[in-house]
Amino acid sequence: MRVVTAAEMYAIDRYTIEHIGISEEALMENAGQAAARVLLERISPFQRIAVLAGAGNNGGDGFIMARVLKSWGYTVDLWLIPPKERIKGAAKKALEIYENCGYEVKSFIGNEPLFFQQMLSYHVLIDALLGIGVKGPVQSPYKEIIDAMNHHHDAVVYAIDVPSGVPADGGEIGAAVYADMTITIQYPKLSAYTFPSADYYGELVVVDIGIPPRSSEHHAAFRKVWMKEDVIRTLPERKRASHKGVHGKGLIIGGSQRMTGAVMMAAKAALRSGAGLLTLAIPETIYPVVASGVLEAMYHPCSAKNGGFAGEIDWIHLDMDAIAIGPGMGRLEGTKPIVQAALAQEVPVVLDADALFFWSDYARFLKKRTSPTIVTPHPGEMARMLGLSIREVENDRFQVSRQMAIDYGIYVVLKGPYTIVATPDGKQYINTTGNPALAKGGSGDALTGMILAFLMQHRSLEAAISNAVWVHGKAADFLVKTKHSPFDVLATDVISAIPNVLSSLCKGKK
């Protein structure tokens, strides 16, 4: 399932009309019909429905939906907000067909008091006001109508394509519809996966209107929601003759006097995610604590200083297929040289947590690496790495993560709700699993260990990273769905839930 910007959606529509040969009227009819079918499954014939339609294609979709619902015997009022003469193109044709069926159009202009009075009597409000073309603050009378919709708490609100007032590409929001459900046409828009805009969508339902894949392949960047089907398709199968050596020899470098737990959680998550052999390189001062907590790992104690790494590791005696570095290391003097030395090894390297703090000291060398580099920042870390504010990162998550991956030739895992995995060739994969239970210390350490383990077992790096992110989020979903609340989940609980998720996925492959 692709995700597009407003400009890309317009380009896709144009190409479909001009080169594929599907008319604008046909696309609009398909959109209205598909959206109406969704509502027919959810709305009772005994409910009073109002379709609030604007002047653009979004309004045209609303005209068709009103016609379809009325033809099925539903009680529907179609309110046209702008003057009728402003309706053009395919939307005008859709309105003519609606009226030719003998159905009434209620005009907002000149009937404003009646509109606001009658709004309180509707059980269902269908937002077909503004669509993806909105730019800047919402103007009157749409602002007043949106405010009234949001204050009508007894009505269920369905938005078409995007909630009116929400920019399709995300960003700052003024007046906007809070929808209970948004029925998106053909492809989700960026704002469905960024905040604060995603909060306005409610449940997201995507309807297909017959646009062929060729249109999006030519006119949209590669952004894809990573689905359960993708995980099942790409999850590796273990052969009966396999042994621990073929499932990867991983090295995790981390830990310090103040943060012994971080490296332990990363290690346990890696082992639960299938790593064949795992070695922990840790400061020698914390070896007794860590070794007693992770029995299945091997250890490489390193010289320590001030509770952390002194700055040297004996690489000669280490055998690894991939490295994860950063969990619990601390921003100490000895951290930076060890990160730089890890990046000099000819294996994939996952940089997380404190390993990202010294970004400016080694970033320029990353493109020279012949092995993959994966960075896993949260928005605050990303902001510090790129010299941006957190707001700038959050308002443009897709472009910021994509550009960083391309510029440095790395894989970027921009964490948070709807984590984005960006690849060096500009592709992006969006994760929809997870919940607020993951907003707790240790969650990122667990994800780092999972990414390390999956890197060593998958053929495709982007599949490995995306699968680790998906399983990590799904483990939190499993916990909240079964015996936990979003408040009480610990990172160690997430690790303990990994087997439940992997077991379900393995059964799905059969």
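Which residue stands opposite I420 in β19? Keep that in mind while you look around; this is a predicted model.

**Stop 1: the sheet.** Start by selecting the open sheet of ten strands. Going across, the order is β8-β19-β18-β17-β16-β15-β14-β9-β10-β11, and the pairing is mixed. Now pick out β8 (223–225) and β11 (298–302): these stand at the edges with a single partner strand each, so one side of each has no neighbour in the sheet.

**Stop 2: β18 and β19.** Next, select residues 420–422, which make up β18, and residues 428–430, which make up β19. They pair in the antiparallel sense, over three bridges. Here's the answer to the opening question: I420 stands opposite I430.

**Stop 3: helix α15.** Move on to residues 397–408. At 1.5 Å a residue, these twelve residues should span 16 Å, and the end C-alpha atoms are 17 Å apart, which agrees. Colour R397, F398, V400, S401, M404 and A405 to see buried residues of α15.

**Stop 4: R402.** Stay in α15 and click on R402. R402 is partly exposed, with a relative accessible area of 25%. Leaving aside residues up to four places away in sequence, R402 touches A422, G426 and Q428. Two of those names take you back to Stop 2: β18 covers residues 420–422 and β19 covers 428–430. Finally, draw a distance from R402 to A7: they are 395 residues apart along the chain, and their C-alpha atoms are separated by 17 Å.

Conventions:
Residues are numbered from 1 along each chain as its sequence is written. This is a predicted model: local features need pLDDT of at least 70, side-chain atom pairs count only at pLDDT 80 or more; totals for chains, interfaces and linings use all residues. Side-chain values use heavy atoms; hydrogens and water are left out. Two strands pair if DSSP finds at least two bridges between them. Helices (H or I, at least four residues) and strands (E, at least two) are DSSP runs, numbered from the N terminus. The expected span of a helix is 1.5 Å times one less than its number of residues. Buried means under 20% relative accessible area, exposed over 50%, partly exposed in between (1.4 Å probe, protein chains only). Contact means heavy atoms within 4.5 Å.
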